[in-house]
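Student: Please take me through the aromatic rings in this model, one close look. Then follow on to where the two chains meet.

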There are 2 protein chains.
Amino acid sequence: MKNRLSIEAYVEGVLAGNRLLLSRAITLIESQLPSDRVLAQLVLEQLLPHTGSAIRIGITGVPGVGKSTFIEAFGKELTATGKKLAVLAIDPTSQRSKGSIMGDKTRMEELSHDPLAYIRPSPSGGSLGGVANKTRETMLLCEAAGFEIIVIETVGVGQSETVVKGMVDFFLLLMLAGAGDELQGIKKGIMEMADAVVITKADGANQAAAQRAVAEYQNAFHLFPSHENGWLPPVLTCSAVEKKGLSEIWSQITLFDSQAKAGGFHLKNRQQQNLEWMHTLIRQTLEERFYHHPQIREKLHDIERLVQNEKWLPLRAATFLLDLFRQ
Amino acid sequence: MKNRLSIEAYVEGVLAGNRLLLSRAITLIESQLPSDRVLAQLVLEQLLPHTGSAIRIGITGVPGVGKSTFIEAFGKELTATGKKLAVLAIDPTSQRSKGSIMGDKTRMEELSHDPLAYIRPSPSGGSLGGVANKTRETMLLCEAAGFEIIVIETVGVGQSETVVKGMVDFFLLLMLAGAGDELQGIKKGIMEMADAVVITKADGANQAAAQRAVAEYQNAFHLFPSHENGWLPPVLTCSAVEKKGLSEIWSQITLFDSQAKAGGFHLKNRQQQNLEWMHTLIRQTLEERFYHHPQIREKLHDIERLVQNEKWLPLRAATFLLDLFRQ
């Protein structure tokens, strides 16, 4: 990377809350160059003691639910009270399709011009794990830069919610009121991860349907195993257009946060998240080393053919390749 | 293992359909002794050309749905037409709790005395992957022994369904008719794996509720992405007590099977399953080698503490341990 700064320049700039240096530090973190990776880790380690105090909120929902509109309205509600807010994203599709979230800051135009808000699109390229690791480290930089609330947005499809759930304190699921098919559009596993459900676009002709959806979701949550810390996820409504319901959502998040801190769940959860993240990185690296090994790359295709055609048992093939890798 | 036989004795015994030798070959496969593992692989490889022609059916459902009762009634229906049926199980809980499935053959008492049926409880011990590998290999032995239908039973919770789905041709989900909460008891991901849903205990006072459940599930399936081979999963009812609905289920399975074979999906699916199984075994072995490495075992606990307490970043810890492992 050109114009690379010293460790001290990044550290001091981020700690001073300098936007330009924060952005450059994030760019450093996102760099694929090995020398940049080393520098990035040194910067992060110096900043680590200054991280961790923000409330980390994950937000997900299917395309069309109005995530950007919600985050813009919710973010403005928070900055209006003087809170500093950073909005990050994990979007594994950002390279593949134009339907990516936050590819375009103009979707949150008001918030992007707010001096108390900082919006950073999803890093692109690489595996979901790689993208997520960069977002996780970016979150730490934003905390060191003084942001008190971190919102991490993701799409409501695929594996990215699990990854976001693994790095936030509070996971918010946005849903649309529909015609009886509320539970269909999103994977049920995501419902079980949610610390709250918000029915968006609860305005005008949608209000009655939104109230019905609230009742349905409340019923559904009673059937789920209860949350480890005793929290029963509330089901709320909001209208980003009419600015309704936003402060209630924030009240629930702060209530959750104070209960989680008082009961020890907050610390336990953060520790667990750190550990799981380490093990995820280990697993990913072990697999990368294996599948990128020259001997494996050379033989894999032939062995796969033998297995596909039932000439070799999967166990024999796995054993053969693992022996090759070990040598 | 005492009284180990020669490769030829196992191979010839299994091919002759000798029950005693089949059981001893399965015991060999389930053995943890490395020398037995080697012998087991040699036996399997000789039998491999004689495997693959059975219809492989996975059956799951939450505890209480009546899996054993269903399999007993369904199995008797099949053996009555002269079909040879083997019933296997994957039960990752079999060591931990007494609520294990098939721990006790007496739960399928009639079927277990049927000369055309062979029932083998879940292997116990080890990881889900280890248990599943043994069941997978046992399935091959049963096919070589002439069984035309293999039923693999599992519990409707956790990861075991994914594993069973990965080794069968047809995946049957058993459900109970309930009071509007039909979709709640089982993870939605399992619904999406199902090739058919059967509402059990559709008799007496339950019949009306069962018919309502059929309509609900049929609606739900229309909302799912369609099956790769164009199959729309039917929703059926049955009563094991009254022996109703069993032949319709078998008709649907044979219809699916003939369509899948004609359209090429059957072969493609089997090939894909073999490949995925190989990669699963590779991943599991890589992780085992890592976590059982003496240096990792010695240091892991301390490093985990550093990560938990945010002294070290997960990436630094992962890198440190991976470097240690590589040396």
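Tutor: K84(A) lies over the face of F147(A), 4.8 Å from the ring centre. In chain B, the charged end of K84(B) sits over the ring of F147(B), with 4.8 Å to its centre. Keep in mind that this is a predicted model.

Now ring against ring. Over all chains, the structure holds 16 aromatic pairs. One of them joins F170(A) and F256(A). Their ring centres are 5.0 Å apart and their planes stand at 85 degrees, so this pair is edge-to-face; the cut-off for that is over 60 degrees. F170(A) belongs to strand β5 (residues 170-176) of chain A, and F256(A) to helix α10 (residues 246-262) of chain A. The pair therefore ties together parts that are 86 residues apart in sequence. F170(A) has 1% relative accessibility, so it counts as buried. F256(A), at 3%, counts as buried too. Ring pairs also link F70(A), F74(A) and W250(A) into a cluster.

Next, the interface. Here 54 residues of chain B are in contact with 54 residues of chain A. The two chains bury about 4900 Å² between them, 63% of it on carbon and sulfur atoms. Two salt bridges are counted between chain B and chain A. R316(A) forms a salt bridge with E45(B); the closest N and O atoms are 2.7 Å apart. Polar contacts across the interface come to 14 residue pairs. Several helices of chain B each supply at least two residues to the side that touches chain A, among them α3 (34-47), α9 (207-223) and α11 (265-292). The largest share of that side, 15 residues, comes from α11(B).

Conventions: Residues are numbered from 1 along each chain as its sequence is written. Chains are lettered from A and ligands numbered from 1 in the order in which they are written. This is a predicted model: local features need pLDDT of at least 70, side-chain atom pairs count only at pLDDT 80 or more; totals for chains, interfaces and linings use all residues. Side-chain values use heavy atoms; hydrogens and water are left out. Rings of Phe, Tyr and Trp (its six-membered ring) pair if their centres lie within 6.5 Å; planes under 30 degrees apart count as stacked, over 60 as edge-to-face and the rest as tilted. Helices (H or I, at least four residues) and strands (E, at least two) are DSSP runs, numbered from the N terminus. Buried means under 20% relative accessible area, exposed over 50%, partly exposed in between (1.4 Å probe, protein chains only). A charge sits over a ring if NZ of Lys or CZ of Arg is within 6 Å of the ring centre and within 35 degrees of the ring normal. Contact means heavy atoms within 4.5 Å. Buried area is the accessible area (1.4 Å probe) that two parts lose on being put together, summed over both. A salt bridge is a side-chain nitrogen of Lys or Arg within 4 Å of a carboxyl oxygen of Asp or Glu. A polar contact is a pair of N or O atoms within 3.5 Å; within protein, one must be able to donate a hydrogen and the other to accept it, and residues adjacent in sequence count only if both atoms are side-chain atoms.
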